[in-house]
Amino acid sequence: MAQTEPNNLSFNAQTALITGASRGIGAAAARALARAGITRFFLHYNSFGEGINALAAELRAAGCDVTLAQADLSVQEGIDSLIAAYHAWGQPVDILVNNAGHLVGRAKLAEYTSAHYDAIMNLNVKSAWFMTQAVAPSMIAKGGGCIVNLSSIAARTGGGVGATIYAASKAAVAAFTKGLVKELAPQGIRVNAVSPGTVDNYFHEKYSNPQILNAVLQQTPAGRLGDNEEVADTIVFLCSNAARYIHGQTIELNGGMFMV
Ligand SMILES: NC(=O)c1ccc[n+]([C@@H]2O[C@H](COP(=O)([O-])OP(=O)(O)OC[C@H]3O[C@@H](n4cnc5c(N)ncnc54)[C@H](OP(=O)(O)O)[C@@H]3O)[C@@H](O)[C@H]2O)c1
């Protein structure tokens, strides 16, 4: 039977831009994409210089070309500075992973400030939207590309107590993932999202506690929390030719805790 594309995890890609690559899922995605054959990286980080420098050294030792950019994406100036750094770099991008994101802090309705709300929405929604706006023209000019956004199980459940606006921000990510398909699929660009459940990493070291994590574990049929590498592997799959007809999907990775 004739096939139009190779039915495997091959790539028509050389260059990846990943936000939030200094640790966790973003760093694992950079390593996994390098193993899959990506050779040029533009990697963003915010506060963890040690993490991003170690990752850059590792990728360079493997023969990759790596450019780094620092920016706090919870504020408009940081979003503007990352976009300016990307334009100054000036390379066409095949893969964009809008990964940078955080809870920013747990707060109940009565405790919310406007600044807290804006920080969550800037980091999780606005930065991903405007990075996509900045990068898409180079994909359109090349006739193709892949964008993977980070949503969350919180988008489906409303999040834990104090994480409501974080959950809303991740629902916005899942929604604009679908909306963008209508604009970008005709240009050869695939847009999808991954939606992790609870990944056992720095995110939860910072914002959860053993009681919260144990409660999640009790409700997870797979009997364990997720890890960075399995989210990264799904990102690699979505960017590969094996996923060539997948558009606008949000892939849930949660050990069966929440089944769509
Ligand atoms: N961990 C989970 O269970 C889970 C579940 C669902 C979705 N997610 C999503 O997965 C993505 C990656 O998170 P992770 O689990 O890998 O967490 P992580 O290990 O804590 O990494 C978060 C990354 O985002 C960056 N970041 C955080 N605040 C930032 C800010 N103000 N400005 C710019 N960058 C910022 C961090 O940069 P620095 O460290 O350099 O500051 C880091 O590179 C996020 O979008 C998160 O919402 C995570």
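**Cysteines, cavity and cores in a predicted model**

C64 is buried, with a relative accessible area of 9%. The structure is a predicted model. A search of the whole structure finds zero disulfides, and one cavity of 30 Å³ or more is counted. The largest nonpolar core holds 36 residues, and a second, separate core holds 29.

**Cysteines**

- A disulfide is a covalent bond between the sulfur atoms of two cysteines.
- To count as a disulfide, two cysteine sulfur atoms must lie within 2.5 Å.
- For C64, the closest cysteine sulfur belongs to C239 and is 15 Å away, so the distance is too far for a bond.
- For C146, the closest cysteine sulfur is also in C239, at 4.9 Å, and this too is too far for a bond.
- C146 counts as buried, with a relative accessibility of 8%.

**The largest cavity**

- Rolling a probe the size of a water molecule over the atoms shows where empty space is left.
- The largest cavity has a volume of about 40 Å³.
- Its lining is made up of N98, A100, L123, N124, A128, N149, L150, K170 and V173.
- Two or more lining residues come from each of α4 (114-142), β5 (145-150) and α6 (164-184).
- Of these elements, α4 gives the largest share of the lining, with three residues.
- By type, the lining residues of the largest cavity divide into five nonpolar, three polar and one charged.

**The nonpolar cores**

- In soluble globular proteins, nonpolar side chains tend to be buried together.
- Within the largest nonpolar core, the residues that touch the most other members are I18, L33, F41, L43, I95 and I235.
- At least two residues of this core are supplied by each of β1 (15-18), α1 (24-35), β2 (40-45), α2 (49-61), β4 (95-98), β5 and α9 (228-239).
- The largest share of this core comes from α1, which supplies seven residues.
- Leaving aside residues up to four places away in sequence, L43 touches I18, A21, A30, I52, L55, L59, V66, T67, L68 and A69.

Technical notes. Residues are numbered from 1 along each chain as its sequence is written. This is a predicted model: local features need pLDDT of at least 70, side-chain atom pairs count only at pLDDT 80 or more; totals for chains, interfaces and linings use all residues. Side-chain values use heavy atoms; hydrogens and water are left out. Buried means under 20% relative accessible area, exposed over 50%, partly exposed in between (1.4 Å probe, protein chains only). On a 1 Å grid over the protein atoms alone, a cavity is a set of points where a 1.4 Å probe fits but cannot get out, and a pocket is an open set with protein on both sides within 12 Å along at least five of seven lines; lining residues have an atom within 4 Å of a point. Grid points are joined across faces, edges and corners, and a volume is the space filled by probe spheres set on the points. Helices (H or I, at least four residues) and strands (E, at least two) are DSSP runs, numbered from the N terminus. Ala, Val, Leu, Ile, Met, Phe, Trp, Tyr, Cys and Pro count as nonpolar, Asp, Glu, Lys and Arg as charged, and the others, Gly among them, as polar. A nonpolar core is a set of buried Ala, Val, Leu, Ile, Met, Phe, Trp, Tyr and Cys residues joined through side-chain atoms within 4.5 Å. Contact means heavy atoms within 4.5 Å.
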